[in-house]
Amino acid sequence: MADIKGILFDKDGTLVDFNATWLGVADFMAMDAAEGDRWKADRLLAAAGFDFANRRFKPDSIFASGTNLDVVELWFPRLSNEDQMLAVARFNEITSVQGSAMAVALPDIVDTLALLHKRSYRLGVATNDSTSGAEKTLVTLGVAQLFDAAYGYDAVANPKPAPDTIQAFCDLTGLKPVEIAMVGDNRHDLEMARAGGCGLAVGVLSGTGTRESLAEIADVILDSVADLPDLLSARVKETA
């Protein structure tokens, strides 16, 4: 069992309160796509996985785990490639500016990240949001200085669940995949961990994922990233 020296975090639902941050942004995107038609916007939200009864996005739904390109392909299936890229650029602008400005940190996240950084873990973000949105969010939360890098879907050739981000983080830090823990609230986070050979795949219940949706693929499931320092300390003792 190798020592964990680096940690890649998913962003939304892992560091950021997904519903508190993104419900308003998702509604804005849907209304923009529907040109102000409330009925059509609601249908788009439902297609992207919004559960109107519980006011939450479903685990592993397009909006919970996909990229803006995935959303565009779902909502505008007949667009030409050129118009599709224009739509993605529009959504990237919305999510980068509004999503980051409205970011709400999950409880105890800022203190936990500071503690992990103090313990010399190399920290990174792996998200299917844009890189710009991820970087701006870290600034909003006041934790950007703790991170070596933030990787959005547009920073790598293939986004989650492909392992590209893990390799990019390894190239940057000099760490091996087995020395990296991947932490996320959806299956695609953990699928990336498996595909990339991470030493630890950690599921958290602070986002849209459930214990049932994560159990088959996670090494361990925590309530929150706030529980991560204790987990890592226990692993160090086990390997001592």
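This briefing walks through the overall fold of the protein chain and then a handful of its residues. The model is a predicted one. Its chain has eleven helices and eight strands, and 52% of its 240 residues count as buried. Among the residues picked out below are Asp-189, which is buried, and Glu-35, which is exposed.

**Overall shape and surface**

- The radius of gyration of the protein chain is 17 Å, which agrees with the value near 18 Å that a compact globule of 240 residues would have.
- Along the principal axes, the C-alpha atoms fill a box of roughly 60 × 35 × 35 Å.
- Looking at contacts with a separation of 6 or more, 64% are between residues 24 or more positions apart.
- The protein chain has an accessible surface of about 10,500 Å², and carbon and sulfur atoms hold 51% of that surface.

- Asp-189 sits in helix α9, which covers residues 187-196.
- Asp-189 counts as buried because its relative accessibility is 0%, and the cut-off is under 20%.
- A polar atom of the Asp-189 side chain lies 3.2 Å from the backbone nitrogen of Asp-185.
- Leaving aside residues up to four places away in sequence, Asp-189 touches Asp-10, Lys-160, Met-182 and Gly-184.
- Ser-65 belongs to helix α3, residues 62-65.
- With a relative accessible area of 14%, Ser-65 is also under the 20% limit, so Ser-65 is buried.
- The contacts of Ser-65, again without residues up to four places away in sequence, are Asp-60, Asn-128, Asn-186 and His-188.

**A cis peptide bond**

- Lys-160, one of the residues that Asp-189 touches, is joined to Pro-161 by a cis peptide bond with omega near 10°.
- Pro-161 itself is in the loop that runs between β5 (149-151) and α8 (164-173).

- Glu-35 is not a glycine, yet its phi is positive, at about 55°.
- You will find Glu-35 in the loop between α1 (18-33) and α2 (38-47).
- Glu-35 is exposed because its relative accessible area of 76% is over 50%.
- Asp-108, a residue other than glycine, likewise has a positive phi, near 70°.
- The loop between α5 (81-101) and α6 (109-118) holds Asp-108.
- At 52% relative accessibility, Asp-108 is over the 50% cut-off and therefore counts as exposed.

Methods
Residues are numbered from 1 along each chain as its sequence is written. This is a predicted model: local features need pLDDT of at least 70, side-chain atom pairs count only at pLDDT 80 or more; totals for chains, interfaces and linings use all residues. Side-chain values use heavy atoms; hydrogens and water are left out. Helices (H or I, at least four residues) and strands (E, at least two) are DSSP runs, numbered from the N terminus. Buried means under 20% relative accessible area, exposed over 50%, partly exposed in between (1.4 Å probe, protein chains only). A polar contact is a pair of N or O atoms within 3.5 Å; within protein, one must be able to donate a hydrogen and the other to accept it, and residues adjacent in sequence count only if both atoms are side-chain atoms. Contact means heavy atoms within 4.5 Å. The radius of gyration is taken over C-alpha atoms; the globule rule is 2.2 Å times the number of residues to the power 0.38. Accessible areas come from the Shrake-Rupley method with a 1.4 Å probe; for residues, only the protein chains shown count as cover.
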